[in-house]
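Keep the model open while reading. The text moves from a pocket to strands and then to charged pairs.

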Amino acid sequence: MITVNNFESMEAYKTLKSSMNQVDKRVENISSGLRINSADDDAAGIAVSEKMRSQIGGMDTSLRNTQDRISLLQTAEGGLAQVNSILERMKELAVHASNDTLTNQDRSHVQEEVDKLRDEINKISNTTQFNKQKLLDGSMGGLWSSDDNNTRAYINGGLTSINEFGEKISTEGNYKIDLIAYDTGKTQVQKTNVMKYLEDDLNNNNNIPLPDTELININNFYDSDGTFILETSKQLTISQGNANTEINIYAHDTLKSLENKLNYAIGWDLKQNKYTDTSENFAKYIYLSESADNTSQSLSGTFVIRSAVAGKNGNLYFSGDESLLNALGLNVVQESTESIFNATISDMHNNKNIADVKITGNNLKGVINPNVDVEFNSMAGIKSKWDELSKSYKLSAEEFSTTLHLSDNTTIFHIGADKGEELLINIGDTSSTALGLDSVDVLTRETANKSVGLIDNAIDKILTQRSKIGAYTNSMEHTANNLTIMSQNLSLSQSRIRDADTAKEAIELVRAKIFEQSGTSMISQANQASKNVLQLMM
């Protein structure tokens, strides 16, 4: 028998210690519910499970983000629905104004409602927000600035696209737009009825009133019953594009003072003075014609009213009391035509030519980017100079340049748990200008009829946006469902790797405790061997 080293006890202790470790491990697994509590439990398993745990966390966060994205899209769609409703009302008004059962005064009231509806569209465009982000003003696609107050960009979607290789391509940057009108177009010219004295005066140039004749002495301002229509003053509204002004006409105004009022209203109030060298010929009363038959001043006794601005942006429309408009009897003797420009667009950073295009009017649609429309001054580089020989405004062109800065602000939704899982969202500008509603005019039957087509185009744009948002929303809902399923499946897979099987762990715990108790008993038995040595010595 050996007493120095109690090998039996040492062997029993080793086995007991292992059993105790097993008991501690099973208690830890059962109490934590995990099979793997640290890396030494299962090095490969913990690596896989931690990756899965990270992915599950990302998916759960992405799922919450998806719900926010759906809320954002629903907010935008709600704003577009209201714009759609407003456009339908505007169309009803335009169709109504296209009917000649309405007087000019009636149409002016209809125009007032159209203007208010247009203002409401702009309000919706500027105030529809989600988490302080404007949704319908184009800023979710891009931001812009320009060196010219008349140069504007309308963002109809994002400036970034993704190519077939998954690379993002953006058209943000600085662009120079060089313009020259090779066809300057024509300006509008209107004429009134021939003015006549209230009583015949054959000694005075065949009854043509003098410029200082008061309106109370002009036959035109009396109705068929002989009632003077200017017993109380009447207001004449002059509209050009989005601007309008009013002049008051009184009984004791003269033909010359009426001419001066018209010139001031067109030149200063409607700001046509900045395009021409004279402000005295927008309106002209022709007392004695000294012109050849092929000019607008060939007929004595009439007012000639001219615009110095080519195209629809320079057209003048008159509205007011029906009897006053009948007295004037305005009719267009020269229709305006749009200027035709050659436009060259270049990248200012590398001087690379982007495009050379020929356009009618002052809009570059989708040239720099399919989602960007650029509007510039319709009189860009065009000067309007009075020509005394032809009694008209002559237009001449010179080179004109403007610059546009575009900054990408494309809305990107992260739709997954990993890098690159993104969706680009395009919500365009829905302001009245971007929708082409600035030219909606119902002051005459002809313009009201044209406005129906403009409103139809705007409705198409809004419906396109709503369809796009509906598609995005459906996509987000499918994304949310997919993320939920993926998260559940990954959680199940991760559970199989990492979670403890409680029933099995309980069995192993009982087994370990049995070995622990057995080991304790064996140590006790091993210790009895030392006592036997003492008996030999006694």
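Strand E8 (187-191), strand E14 (331-334) and strand E20 (392-397) each supply at least two residues to the lining of the second largest pocket. Bear in mind that this is a predicted model. Which strand gives the most to that lining? E20 does, with four residues. The pocket holds about 350 Å³ of space. Sorted by class, the lining has nine polar, five nonpolar and four charged residues.

Now turn to the strand pairings. Strands E15 (residues 340-347) and E16 (residues 352-360) run antiparallel, joined by eight bridges. Within this pairing, Ile 345 has Ala 355 of E16 as its bridge partner. The two strands form a hairpin with four residues between them. Asn 351 takes a positive phi there, near 60 degrees. When viewing such pairings, recall a general rule: side chains in a regular strand alternate between the two faces of the sheet.

Next comes an open sheet. Three strands build it, in the order E4-E18-E17, with antiparallel pairing. Which strands sit at the edges? They are E4 (152-155) and E17 (363-369), and each pairs on one side only. From one strand to the next, the twist averages 30 degrees. Look at E17 and its partner E18 (residues 372-375): their antiparallel pairing spans four bridges. Here Asn 369 stands opposite Val 372 of E18.

The last stop is the charged side chains. How many salt bridges does the structure hold? The count is 13. Three of these pairs are worth a look.

Start with Glu 92 and Arg 89. Their side chains meet in a salt bridge, at 3.2 Å from N to O. Both residues belong to helix H2 (residues 43-97). They are three residues apart in that helix, so about one helical turn separates them. Are these two side chains buried, or do they reach solvent-accessible surface? Glu 92 has 47% relative accessibility and therefore counts as partly exposed. Arg 89 is also partly exposed, with a relative accessible area of 33%.

Lys 261 and Asp 253 form another salt bridge. Their closest N and O atoms are 2.8 Å apart. Asp 253 has a relative accessible area of 10%, so it is buried. The cut-off for buried is under 20%.

Glu 446 is partly exposed, with a relative accessible area of 45%. Arg 445 is partly exposed too, at 33%. This pair does not stand alone. Salt bridges with shared partners join Asp 100, Arg 107, Arg 445 and Glu 446 into one network.

Key: Residues numbered from 1 in each chain as written. Predicted model: local features only at pLDDT ≥ 70, side-chain atom pairs only at ≥ 80, totals over all residues. Heavy atoms only, no water. Pairing = 2+ DSSP bridges. Axes fitted to C-alpha atoms, helices over the stretch in contact; angles between N-to-C directions. 1 Å grid on protein atoms, 1.4 Å probe; cavity = no way out; pocket = protein on both sides within 12 Å on 5 of 7 lines; lining within 4 Å. Points joined across faces, edges and corners; volume = space filled by probe spheres on them. Nonpolar A, V, L, I, M, F, W, Y, C, P; charged D, E, K, R; others polar. Salt bridge = Lys/Arg side-chain N within 4 Å of Asp/Glu carboxyl O. Buried < 20%, exposed > 50% of the residue type's maximum accessible area, 1.4 Å probe, protein only.
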